[in-house]
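Please find below a colleague's note on the model, arranged as numbered points. The ligand sites are taken up before two individual residues.

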Amino acid sequence: MTTPFAITLGVGSSLANKTGSWRVERPVYVDRHPPCNNACPAGEATQGWLYQAEEGNYEAAWRLIMASNPLPAIMGRACFHPCESACNRVQIDEAVGINAVERFLGDRAIDEGWTVPVSAPPSGKRVLVVGSGPAGLAAAYHLVLLGHEVVVYEAAPQCGGMLRYGIPQYRLPRAVVDAEIDRIAAMGVRFEVERRVENVADAMQRGAFDAAFVGIGAQRGKHPDIPSGDAAKVLDAVSMLHGVEEGALPALGRRVVIYGGGDTAMDAARTAQRLGAAETILVYRRTRDQMPAHDEEVCDAALEGVQMRWLSTVSRADGGRLLIETMVLNDQGLAEGTGHFEELEADSLVLALGQDTDLTLFDGDVAVDTTRGVVHVDDHQMTGHAGLFCGGDAAAGPSAERTVTAAVGDGARAAAAIDAWLAGVTLAPTVIPPLASADRLNPWYYADASRTLRPRLEAARRRSNFDEVVGGLTAEDALFEARRCMSCGNCFECDNCYGVCPDNAVIKLGPGQRYEFNLDYCKGCGICATECPCGAIDMVPEHH
Amino acid sequence: MLSERTPVRFYQVGSFAVGNRLVELERRSAQSDPRRANSLSSGHRACAGCGEALGARYALDAAMRATRGQLICVNSTGCLEVFSTPYPETSWRVAWLHSLFANAASVATGVAAGLRATGRDVVRVVAQGGDGGTADIGFGALSGMFERNDDVLFICYDNQGYMNTGVQRSSTTPGAARTATTQAVGPQPGNAFGQGKDVARLAMAHEIPYVATATVADLFDLESKVERAMSLHGARYLHVLVPCPLGWGTLSKDTIALARLAHETGIFPVFEAEYGEVTSSVPLRHRTAVEEYLRPQKRFAHLFDKSGAVTSPDVVARIQALADRNIRRYSLVPDEDQ
Ligand SMILES: Cc1cc2nc3c(=O)[nH]c(=O)nc-3n(C[C@H](O)[C@H](O)[C@H](O)COP(=O)(O)OP(=O)(O)OC[C@H]3O[C@@H](n4cnc5c(N)ncnc54)[C@H](O)[C@@H]3O)c2cc1C
Ligand SMILES: Cc1ncc(C[n+]2csc(CCOP(=O)(O)OP(=O)(O)O)c2C)c(N)n1
Ligand code: SF4
Ligand SMILES: [Mg+2]
């Protein structure tokens, strides 16, 4: 045997020693369901698109949003972001500003004119969509992507539903609404406005539609029986906001009372302030804590000068004044009248006590269950009538969240179900992996970074205009904010497993390809799993 | 400040994780490189979760990167030598030399002298050993190497005991720790307090060009220290804390977590010094009470009951006091005015 100078024995490599045989547990890479995704009613792959945004791949990020939600710029303004409430980063500092990044991406798409190509071959099927609110828009968008011919019948003169006639411009500029609806129209969806559907079965038959999605929302403001004198000016919030949008400014007077405690009440109050009311007073029957309105809305209303009277009900309305009864919370926490009354001067009373759906289009020979004023649907948004689907506010029970986001989710789910129904197949149930809970993270690895705040218009500048209150993030801030995401439960290629293995038993497959374990040498120590920042490695028992 | 943390922009995990797809290639760690040296390759016989195997690869890969592979490594006897080279196999992918337990520093001195004499001093020399080979039996050779300012980086992998021969006490074993020779019996169970050696401070007393400490929990810091050491000549010393699942009685998966706790509690201060003066220290990110570090270790089990409650508050307080002194001495909590 010849050996180099000063080496007397032949050398072999320890690679001959397959230490993998020691293992009692083996590591496996997993993809868990991030809590943000889990909380999104529109079914967005939030963590997935944030991952793209982290790298500055804004277009890819936007396309991932578009895979479920066709309205990112709207969503980045109007959504109440349940994703952020669920975000694991709360445990470290504050939730990731997901909504702000979504808005940035949505606005970027509008600026750049990005659109989604329709690549599916034409199916030859025609689908009717009734209503062009977020539910109808989402359904139409997904149906057209699936190759169907889609026609939307809309009763109002313009499309958008509550996106246009409800949510005020200072929260959702109409240019944004127009841009996102135009994009859907350009993809081939035909919108027919001022076309109210009186009877859905007739409309389907006359238009030779193979299926229909009904997303008619809840357009009628509730008018409870409040004894009123002739001179009293009483109107409801949705009609008022609708009027503002059509340029028919309601004469509210100097002193306006808004009755209710939901988001609609806040919007009515903030709109009244902008229309020049000297005083806007919100009257609500329960306490501040029990107000269904989102906290941010309540704070903004207060900041803009809206006064609030909790534990009060309106028991009579006359010209120029209201009779208010003081309430008290009983043992069960319910509001009860005290019999103590007070007068309150008011030029007008705006009722924001909820909305109902006009269900007359289901009259006649359709098997649609509308008990308690809600359209009942199955898990696939189908009504009792085959081929007739419904979603959005019209199908949301009183306890369900009535939001733009939920409406988009319903529309998207319905589109998939309609597609399957038209093809005569049953939808495979979606398998959702277990949750990427916070206890699976190794938070030490994440750099400290507090949340970026969006700029806001000063309260003093909000009085007499409908300028947008909340501003957008700069590109730099949006990138920063995206990078605050911890990629819960999904590998983000930080190389930690590759680095921390004492046995070099992790193979790095290259950018975008993630890693693989080399089970010839992995001893199953589990360090990779403990040290994975985002909890994307499980240790499972080995069965030798 | 040598341990470079992301200066301006923010990159999700910053420089805490091994790699980061969001930063430029040159700023990533040696460990994240798919073509890293893998100085200690697979198939070695270290226990599952061995901190010493990990620490040695971290340090030598960084040294290999810093010297572009022009490196000779001298190893003293100990686990690191035994688990890596049972004839006819070797795990080393670096020029590697083993002589005895006590004399790694002297052999390295000789290697450096030989290279210089033959005009090949672009080749750099690292010597390495365990805490026994460094603080105890090898200390005379090491002190001589320091005193002569020989051109060698000596790396001690401190697992706080003679692990290879069955977990006997060394002069870096902490107070109260149970080992085979300091049983948890009698009025003061475990290792005695107030004895032992702080080798980094002893090295500083030699006023050599560079002394640093590091742990396997902070890779960027460790690599930057190796890099700094290799940019200098003369005697240099790096002391790396490497938890030992077998000797400490810990779960193999917790090796890095324990090294992190050793730092975050102040028990193991991470700093660097030049010519006898401390020049920087790594602040604690989340200051933690020492019992969080002690509780998971069986060698400290006699300080707790089965439920994990402290049963020897005086001993825990004494260890806490040592940690607090480190925090003051090395300014590990920057805003703290102590
Ligand atoms: C003032 C206000 C503010 C709100 N703010 C927010 C918010 O900030 N964030 C949020 O998430 N949610 C908000 N919501 C709730 C949200 O707007 C709704 O949940 C959502 O718009 C419901 O969508 P939809 O598609 O079901 O119905 P809608 O948006 O109501 O759209 C229904 C559409 O159907 C049309 N239509 C009705 N009947 C017929 C018919 N027979 N034939 C043809 N067309 C018909 C209507 O004209 C309308 O365009 C707000 C609601 C209001 C009223
Ligand atoms: C002169 C001499 N005495 C004793 C031994 C036996 N021996 C081999 S390794 C070792 C302990 C090594 O301890 P340490 O240096 O801390 O390294 P570890 O194994 O803990 O990594 C001992 C005592 C020896 N090889 N040579
Ligand atoms: S940190 Fe990222 S992945 Fe985790 S919940 Fe928040 S947004 Fe989702
Ligand atoms: Mg040792």
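1. By class, the shell around ligand 3 comprises nine nonpolar, three polar and no charged residues. In this classification Ala, Val, Leu, Ile, Met, Phe, Trp, Tyr, Cys and Pro are nonpolar, Asp, Glu, Lys and Arg are charged, and the others, Gly among them, are polar. The residues surrounding ligand 3 include Cys36(A), Cys87(A), Cys485(A) and Cys488(A); a residue is near a molecule if one of its heavy atoms lies within 4 Å of it. Helices α1 (35-39) and α2 (46-54) of chain A each supply at least two residues of this shell. Helices (H or I, at least four residues) and strands (E, at least two) are DSSP runs, numbered from the N terminus.

2. On the basis of the model: it is predicted, local features need pLDDT of at least 70, side-chain atom pairs count only at pLDDT 80 or more, and totals for chains, interfaces and linings use all residues. Residues are numbered from 1 along each chain as its sequence is written, chains are lettered from A and ligands numbered from 1 in the order in which they are written, and side-chain values use heavy atoms, with hydrogens and water left out.

3. Ligand 1 has 34 residues around it, of which Ala78(A), Glu154(A), Arg171(A), Gln219(A) and Asp393(A) come nearest. An N or O atom in the side chain of Asp393(A) is 2.7 Å from an oxygen atom of ligand 1, and a backbone N or O atom of Ala135(A) is 3.0 Å from a ligand oxygen. The protein buries 96% of the 990 Å² that ligand 1 exposes when taken alone; accessible areas come from the Shrake-Rupley method with a 1.4 Å probe, and for residues only the protein chains shown count as cover. The shell of ligand 1 has 15 nonpolar, twelve polar and seven charged residues.

4. Around ligand 2 there are 16 residues, with Glu52(B), Cys79(B), Gly132(B), Gly133(B) and Gly161(B) coming nearest. A polar backbone atom of Gly161(B) is 2.9 Å from an oxygen atom of ligand 2, and a polar side-chain atom of Asn159(B) is 3.1 Å from a ligand oxygen. The protein covers 73% of the 580 Å² of accessible area that ligand 2 has on its own. Helix α4 (residues 131-136) of chain B gives the largest share of the shell, three residues.

5. Asp131(B) and Gly161(B) are both buried, that is, under 20% relative accessible area, where exposed means over 50% and partly exposed lies in between (1.4 Å probe, protein chains only).

6. Glu54(A) lies in helix α2 of chain A and is buried, with a relative accessible area of 0%. Its contacts (heavy atoms within 4.5 Å) beyond four places in sequence include Ala482(A), Arg483(A), Gln12(B) and Arg21(B). The C-alpha atoms of Glu54(A) and Ala482(A) are 5.2 Å apart, although 428 residues separate the two along the chain.

7. Ser41(B), in the segment before α1 (51-66) of chain B, is buried at a relative accessible area of 6%. Leaving aside neighbours within four places in sequence, Ser41(B) is in contact with Ser14(A), Leu15(A), Asn504(A), Ser91(B) and Arg93(B).

Note on methods. A polar contact is a pair of N or O atoms within 3.5 Å; within protein, one must be able to donate a hydrogen and the other to accept it, and residues adjacent in sequence count only if both atoms are side-chain atoms.
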